[in-house]
Amino acid sequence: MVKAVVLGAAGGIGQPLALLLKSSPLIDELGLYDIVNTPGVAADLSHIATPAKVEGYLPPDDGLAKTLKGADIVVIPAGVPRKPGMTRDDLFKINAGIVRDLATGIATAVPKAFVLVISNPVNSTVPIVAEVFKKHGVFDPKRLFGVTTLDVVRASTFVAEKLGDLSLSSKVVVPVVGGHSGVTIVPLLSQSSHPLPASISEDDYKTLVHRVQFGGDEVVKAKDGAGSATLSMAYAGAEFSFKVLRALKGEKGIVAPSYVSLEADSAGAALLTKELGQELAYFSSNVELGQEGVVKINPLGKITEAEQKLIAAALPELAKNIATGVGFGTEARL
Ligand SMILES: NC(=O)C1=CN([C@@H]2O[C@H](COP(=O)(O)OP(=O)(O)OC[C@H]3O[C@@H](n4cnc5c(N)ncnc54)[C@H](O)[C@@H]3O)[C@@H](O)[C@H]2O)C=CC1
Ligand SMILES: O=C([O-])CC(=O)C(=O)O
């Protein structure tokens, strides 16, 4: 029996993500929690003819604990999204507290569940969850994941577009490392499963990198005040959740990029730190998944000079974002 839970399930991401999870044979029970509308969303989804039993709760009467009871995997898209002119960091003020409170609920109710954080700014919200778990003495770095899959999904799509064949987009695999905001998003295009044409100009390369780094802004601008990516994020969140669940069920060799604590694999972390030339507590890299969560954090491998420069630009910003999250989380620990 596998139970998946979505916290923030009535939102722009939460609803389509819950739909995709409900559609999956990997899930037997689906718990939905939000501060609004979850009974309705749950009733609606429960009519879909797939096995997962759906329940939705609101905060009163211990709704969070009821939703979480028995969860194996908890996905968190709760929190406010960006409007034009905002950075992901501008969301910190509101989302940090939301994530802290939800993490407290998880640490109390289901400390062994896999926790997948979507709420922005991911570079800082993941350390907040870790600090809350440490406070409760239940932190297992192998079970905490920042969801950076949308960056990978975008990179696949944009590379396929560049190759002039969108039908390739589900086959193109491009590692995207670092974090999940602006310059901290580093696509390793030189490692693409489908190489870019050798003739690509420097300008075209830079435009492609920029599009992966700032793809979120493209959607925020197009939605014009109505929020940020929701449908592509739900797709990406479901894709990553399914990989975690397949690994949980015993499938071997599943690799996915995710923003994780480098405490999850000290040997992998040592290699990565050497490559980066700097110690960081969190980083998004390709991660091998197993029944206990992170099995191995893969190093960057061979990268180009241009990618080395992108990494160098990402590191100070990432370090700052991590410190902000750890600072807030540590305060929450006192
Ligand atoms: N990691 C990633 O790649 C991406 C992350 N995001 C982030 O995901 C978050 C959600 O985005 P949307 O779904 O578009 O926003 P939304 O506003 O449509 O939905 C958020 C939901 O969270 C709920 N919520 C607020 N406080 C809550 C609490 N204390 N407990 C439970 N639920 C609560 C709201 O009621 C709402 O239903 C944002 O922070 C956004 O920036 C968005 C796209 C990509
Ligand atoms: O851009 C945003 O605010 C939402 C997000 O994280 C993304 O689309 O990658």
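## The 148-327 stretch

Helices (H or I, at least four residues) and strands (E, at least two) are DSSP runs numbered from the N terminus. An unreviewed UniProt entry lists these residues as "domain: Lactate/malate dehydrogenase C-terminal"; such annotations may be inferred rather than shown by experiment.

This is a predicted model, where local features need pLDDT of at least 70, side-chain atom pairs count only at pLDDT 80 or more, and totals for chains, interfaces and linings use all residues. Residues are numbered from 1 along each chain as written, while chains are lettered from A and ligands numbered from 1 in written order.

## Around ligand 2

Asn-120 turns up around ligand 2 as well, along with others including Arg-82, Arg-88 and Leu-150. Helix 8 (residues 215-223) brings the largest share of this shell, three residues.

## Two crossing helices

Helix 6 (residues 149-162) packs against helix 9 (residues 231-248) at about 110°, with axes 8 Å apart; axes are lines fitted to C-alpha atoms over the stretch in contact, and angles run from 0 to 180 degrees between N-to-C directions. The two helices are therefore roughly perpendicular (65 to 115 degrees). On the helix 6 side, the contact is made by Thr-149, Leu-150 and Val-153, where contact means C-beta atoms, placed from the backbone, within 7 Å.

Key: Parallel < 35°, antiparallel > 145°, perpendicular 65-115°, else oblique. Contact = placed C-beta atoms within 7 Å. Near = placed C-beta within 6 Å.
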